[in-house]
Amino acid sequence: MTDNQEWLVEQFEAQRAHLRAVAYRMLGSLSDAEDAVQASWIKLIRSDNDKVENIGGWMTTIVARICLDMLRSRKSKPEVQLDDSSPSEGVGTRDDESDPEREAQLADSVGIALMVVLDTLAPDERLAFVMHDIFAIPFDDIAPIVGRSPATTRQLASRARRRVRGMSAVPSAELNRQKQVVNAFLTAARAGDFNALLNLLDPDVVLRSDTVQLPSGENLEVQGAQRVAKMYTRRGGAEGIRPALVNGSVGLIVAPLGHLVLVIYLTFKEGKIAAIEAVSDPTRLRTTNLGILDP
């Protein structure tokens with residue numbers, strides 16, 4: 001290995017974690033992110049890199065371009081295959097190819113709701129938002145990646161930002177009260193605190209779910225605070241559930257690895273939860289407006 005190759009390896013390894021973080025937020029998949037990072041290494045060693053002054057910035061741009069291409073092709077191709085480097089060209093091997101536990105931890109650290117909402121953005125919007133709002137990269141540097149002017153790129157990020165934050169349908173004071181109730185509900189459910197759950201549920205609360213079919217073919221329906229509280233004190237009753245802005249008010253989502261599988265619509269009455277509707281129907285999931293909630 002030449003001195004230049006050794007230097008490139010050192011530079012790449014120093015940037016690998018950052019590049020993976022960028023790619024993961026762009027693609028929402030750890031394995032895809034690792035593919036993108038490995039592809040950036042291939043481009044690095046095959047390029048005229050002697051003239052590159054900022055190797056970190058250059059590689060970030062390359063990863064972003066690769067991710068954008070992958071996002072744009074997802075609609076037409078079920079899976080993007082990238083060339084693997086040969087033993088003489090590659091830098092190690094990716095060690096996270098099949099690690100669902102690590103990916104779950106990574107998705108949770110990024111924010112499950114954020115990952116879900118990012119998946120609803122157009123590729124150019126997602127790139128502009130991730131690069132600028134999360135990694136503080138100037139619009140002048142992002143614009144050439146998406147092939148737009150800096151002003152248009154700023155608009156892409158702004159549009160994405162509005163989608164990510166969502167639009168509240170209730171006054172801010174009411175939204176804060178809803179958040180407090182929902183956070184207390186999740187805390188009580190995870191602790192198996194039956195009495196605390198009763199205090200948070202309206203006595204006539206109704207829970208409906210399209211995820212459980214009764215023998216008659218009807219959807220599950222449970223009425224009354226006592227029965228609903230018992231359901232959520234069962235082991236794992238609130239596992240994987242995260243708060244989010246759902247159609248303008250506080251609701252809940254279940255999204256393993258950032259991929260939405262369940263939305264729970266909540267109705268509030270006098271500071272308590274009066275109705276719970278769990279929906280997994282793909283058509284309804286696609287038409288639900290989601291946003292992240294401020295802490």
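**The paired strands and what lies beyond them**

Author: Strand β3 (residues 241-246) runs antiparallel to β4, and six bridges join the two. Two strands count as a pair if DSSP finds at least two bridges between them. Strands (E, at least two residues) and helices (H or I, at least four) are DSSP runs, numbered from the N terminus. The model is a predicted one, in which local features need pLDDT of at least 70 and side-chain atom pairs count only at pLDDT 80 or more, while totals for chains, interfaces and linings use all residues. Residues are numbered from 1 along each chain as its sequence is written, and side-chain values use heavy atoms, with hydrogens and water left out.

From β4 (residues 249-254) the pairing goes on to β5, with three bridges and an antiparallel run. In this pairing V254 is set opposite L262 of β5. β5 (residues 262-269) is mostly covered, as six of its eight residues are buried (under 20% relative accessible area, with exposed over 50% and partly exposed in between; 1.4 Å probe, protein chains only). On to β6 (residues 272-279), β5 pairs in the antiparallel sense over seven bridges. Y265 has E277 in β6 as its bridge partner. The hairpin of β5 and β6 has two residues between the strands, and E270 has a positive phi near 50° in it.

The strands are part of a chain with 12 helices and seven strands. Of its 295 residues, 44% are buried. Where contacts (heavy atoms within 4.5 Å) join residues at least 6 apart in sequence, 62% of them link residues at least 24 apart.

Among the helices, α8 (residues 150-165) packs with α7 (residues 139-146) at an angle of about 90°, the axes being 8 Å apart. Axes are lines fitted to C-alpha atoms, for helices over the stretch in contact, and angles run from 0 to 180 degrees between N-to-C directions. α7 and α8 are therefore roughly perpendicular (65 to 115 degrees; under 35 is roughly parallel, over 145 roughly antiparallel and the rest oblique). By class, the contact of α7 with α8 has seven nonpolar residues (Ala, Val, Leu, Ile, Met, Phe, Trp, Tyr, Cys and Pro), two charged (Asp, Glu, Lys and Arg) and one polar (the others, Gly among them).

α8 also packs with α6 (residues 123-134) at about 90°, with axes 8 Å apart. That makes α6 roughly perpendicular to α8. Residues of α6 in this contact include F129 and H132, and those of α8 include R159 and V164. The contact of α6 with α8 divides into six nonpolar, two polar and six charged residues.

T60 lies in helix α3 (residues 55-73). T60 counts as buried because its relative accessibility is 6%. Its side chain makes a polar contact of 3.1 Å with that of H18 (a pair of N or O atoms within 3.5 Å; within protein, one must be able to donate a hydrogen and the other to accept it, and residues adjacent in sequence count only if both atoms are side-chain atoms). Leaving aside neighbours within four places in sequence, T60 is in contact with H18, L19, V22, M131 and I137.
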